[in-house]
Amino acid sequence: MRDVARAAGVSQAAISYAFSRPEKLSAPQRERILQIADELGYAGPHSVGRTLRTGQVGALGLMVTDSLPYAFDDPATAALLRGIAEVGEVSETALTLLPCPLESERLTRSSGVLLRGLVDGFLAYALPDGHPAVETVLRRRLPVVVIDGPNPGGLPWVGIEDRAAARSAAAHLLALGHRSVGVLVDRLVPDGYSGPVAPARQRAARDRVMKERLAGYAAAFRAAGLPWEEATVIEAGGFHETASLAAAETLLETGPLTAVLAGTDVLALAAMRAAGSRGLRVPEDLSVIGFDDLPGAAGAQLTTVRQPLVEKGRRATQLLLDVIAGAEPKEILLPTELVVRATTARPGHG
């Protein structure tokens with residue numbers, strides 16, 4: 001850098017600007033610097049030197065509680081990733097995916113990945129209550145933004161009003177006259193369980209999103225004078241299509257239903273497939289409502305709750321960058337909307 005600056009007759013700062021902050025220079029000046037740098041074989045400031053100088057590595061870590069394939073296969077997570085990537089690309093920030101299963105020893109070792117300084121801050125996505133990854137970040141006072149998860153200690157947070165949105169979905173079905181309603185959730189406690197959910201397990205739920213959505217469903221039932229405790233709730237135990245389809249089949253085996261409340265669109269679409277395999281028509285024999293409004297929901301004409309997943313990723317990433325830069329932490333609550341399509345109707349509509 002010193003040799004290029006001497007040959008170009010400029011300061012070393014100008015050389016740095018030519019590679020990293022071109023708006024600081026005129027176009028002719030930058031072009032001349034880059035030409036001289038090329039002639040002298042200088043490729044730009046060394047990344048390690050920049051890291052030592054600024055104390056930052058130019059990367060963010062996205063913590064998920066499941067495997068890396070889940071992060072790419074789950075449609076909701078994929079949409080969130082797209083929003084994160086959009087902001088990262090604009091700010092020239094890299095993204096490191098950090099699978100953080102509860103059983104991982106690396107979360108508690110001092111040499112663990114969270115303590116190595118590989119990233120400048122963390123996005124904690126839907127980690128269950130008491131997850132050791134979040135506790136590690138808090139203990140080390142590292143920059144973090146929580147997405148959809150529990151928020152211990154007033155951390156910066158981005159999410160939606162899951163309870164209110166879920167209540168609107170349940171109220172829609174109940175207003176149509178449905179009383180035999182089954183419920184599907186993906187996971188309440190990350191312990192591998194799948195099957196019927198007793199009230200005690202609902203109360204012990206550690207996955208905030210599903211716990212809040214169940215609370216919203218329950219509020220709608222009680223507002224309609226219906227005993228929530230008698231509702232059949234089935235837990236898939238995971239987020240993938242195989243687990244969702246198995247849960248939907250289990251639900252339909254429990255007895256005659258006129259409607260299904262699904263905690264995600266993945267579960268709702270699985271319920272529609274399970275209904276079709278039994279010769280049930282949607283919505284004539286069975287109404288189905290989901291949550292998320294994933295890209296496949298419109299094609300299936302699925303009634304669902306729309307949430308801005310891509311925007312959630314954008315806002316969370318920008319908030320983390322702001323916090324790293326010294327901004328005050330804050331909570332960002334994004335809007336939802338009940339989208340009524342063709343999969344819900346009055347009981348016996350056909």
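Q: Which residues does P335 touch, not counting residues up to four places away in sequence?

A: In this predicted model, P335 touches R306, Q307 and P308 once residues up to four places away in sequence are set aside. The place of P335 is in the loop that lies between strand 12 (331-334) and strand 13 (337-339).

Q: Is P335 buried or exposed?

A: A residue counts as exposed when its relative accessible area is over 50%, and P335, with a relative accessible area of 59%, is therefore exposed.

Q: How far apart are P335 and L123 in sequence and in space?

A: The two positions, P335 and L123, are separated by 212 residues in sequence and by 20 Å in space, taken from C-alpha to C-alpha.

Q: Which strand pairs with strand 9 over four bridges, and in what sense?

A: Strand 6 (residues 181-185) pairs with strand 9 over four bridges in the parallel sense, and within this pairing L184 has A262 of strand 9 as its bridge partner.

Q: How many bridges join strand 9 to strand 10, and what is the handedness of the crossover from one to the other?

A: Strand 9 and strand 10 (residues 287-289) run parallel and are joined by three bridges, with A259 standing opposite S287 in strand 10.

Key
Residues numbered from 1 in each chain as written. Predicted model: local features only at pLDDT ≥ 70, side-chain atom pairs only at ≥ 80, totals over all residues. Heavy atoms only, no water. Pairing = 2+ DSSP bridges. Helix = DSSP H or I, 4+ residues; strand = E, 2+ residues; numbered from the N terminus. Buried < 20%, exposed > 50% of the residue type's maximum accessible area, 1.4 Å probe, protein only. Contact = heavy atoms within 4.5 Å.
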